[in-house]
Amino acid sequence: MLLRRPDLAPANDALARLTPLEILRLATESFGNRVAILSSMQRAGTILCHMADRAGLEVDVVFVDTGVLHPETLATRDRLAATHPHLRVRTLSPARTFLEQTRELGLLYLDKEGQERCCDLRKSDPLRAVRGDYDVLVGALRRDEGGRRSLVRSVELDEGLGLLRLHPLAYTSRADLDEYARTHDDVVMNPLHHLGFTTIGCFPCTTPVRPDEDERAGRWRHLADVAYCGINPTDVGSESDGVEVSDRFGAFARAAQALAASR
Ligand code: SF4
């Protein structure tokens, strides 16, 4: 079915009233095994994985290994795979190693133009491998992260991959995540979060942040006007005229509306 942004409004109104776990359940009930969580092994993502696994939801977890991630992040991925029996971690990699890329194109991440190309080559391009495999990619974006994330809606369109993006944590606060982590001591936590990294990406482009800084201040600190890599369409405000998505979206939207109305 062809969906345009305004078509998502009724579903988004309903989803805003549901819990993250209710949204995850509805997604797997409606789309079956064509749902995957996209995670870079930061706290919000591993909490989503924990929710899904402990509820017995069988989903893939897609992880893009850019080749320049901290060892702690790779270890987090491995620990999650070993302790979440209902999840299947699927790692995607760029076509070239970082060294091969640098030999051929130079050290791209040092300026904005190069960073955009590097992020496309090492993040967005590997993710294109999932095109056709899923109807829904579930992310961990939250409105209270601020910036463009303050605009994120529970369900969005991804024209590039031809699927739906689902954000069950859109209305979840940082304090909610703190509480979830406090009450579930088996959530797999990337140890970098204990070392001052509020968000985590590639090691050349990520630093810890001071307590008085914005949550995302440690990303591309060397590039004043860069805030996002572009792997999430919401972050770059990519508009589209319409996207062909699975017909199952109709059942998903109706189920969400029925559940929200039952409150
Ligand atoms: S975050 Fe930095 S190193 Fe990682 S893909 Fe983007 S520009 Fe390259």
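**Helix packing and buried loop positions**

Tutor: The crossing of α2 and α3 is right-handed. A crossing has that hand if the near helix is turned clockwise from the far one, and is left-handed if the near helix is turned anticlockwise by less than a right angle. Helices (H or I, at least four residues) and strands (E, at least two) are DSSP runs, numbered from the N terminus.

Student: What should I know about the source and the numbering?

Tutor: The model is predicted; local features need pLDDT of at least 70 and side-chain atom pairs count only at pLDDT 80 or more, while totals for chains, interfaces and linings use all residues. Residues are numbered from 1 along each chain as its sequence is written.

Student: At what angle do α2 and α3 pack?

Tutor: The angle between α2 (residues 20–31) and α3 is about 60°, and their axes lie 10 Å apart. Therefore α2 is oblique to α3. Pro20, Leu21 and Leu24 of α2 make the contact with Leu48, Met51 and Ala52 of α3. By class this contact has six nonpolar, no polar and no charged residues.

Student: How are those terms defined?

Tutor: Axes are lines fitted to C-alpha atoms, for helices over the stretch in contact, and angles run from 0 to 180 degrees between N-to-C directions. Angles under 35 degrees count as roughly parallel, over 145 as roughly antiparallel, 65 to 115 as roughly perpendicular, and the rest as oblique. Residues are in contact if their C-beta atoms, placed from the backbone, lie within 7 Å. Ala, Val, Leu, Ile, Met, Phe, Trp, Tyr, Cys and Pro are nonpolar, Asp, Glu, Lys and Arg charged, and the others, Gly among them, polar.

Student: And α2 with α9, which hand is that crossing?

Tutor: α2 passes α9 in a right-handed crossing. Helix α9 (residues 248–261) packs on α2 at about 145°, with the axes 9 Å apart. Among the contact residues are Leu26 and Phe31 of α2, and Phe252 and Leu259 of α9. The contact has eight nonpolar, one polar and two charged residues.

Student: Is α3 left-handed or right-handed where it passes α7?

Tutor: That crossing is left-handed. The angle is about 55° and the axes are 11 Å apart, so α3 and α7 are oblique to each other. Arg43, Ala44 and Ile47 of α3 meet Leu177, Tyr180 and Ala181 of α7. The contact divides into five nonpolar, no polar and one charged.

Student: Turning to loops, where is methionine 41 found?

Tutor: Methionine 41 is in the loop between β2 (35–38) and α3 (43–54). Its phi is positive, about 65°, although it is not a glycine. Methionine 41 counts as buried because 27 C-beta neighbours lie inside 10 Å. The cut-off is 20 or more other C-beta atoms within 10 Å for buried, 12 or fewer for exposed, and partly exposed in between, with C-beta atoms placed from the backbone.

Student: What about tryptophan 220, buried or exposed?

Tutor: Tryptophan 220 is buried, with 23 other C-beta atoms within 10 Å. Tryptophan 220, not a glycine, also has a positive phi, about 50°, and sits in the loop between α7 (174–183) and α8 (233–236).

Student: Last topic: which residues come nearest the ligand?

Tutor: Of the 13 residues around the ligand, Tyr109, Cys118, Cys119, Cys202 and Cys205 come nearest. A residue is near if its C-beta atom, placed from the backbone, lies within 6 Å of the molecule. The shell has eight nonpolar, three polar and two charged residues.

Note on methods
Two residues are in contact if their C-beta atoms, placed from the backbone, lie within 7 Å.
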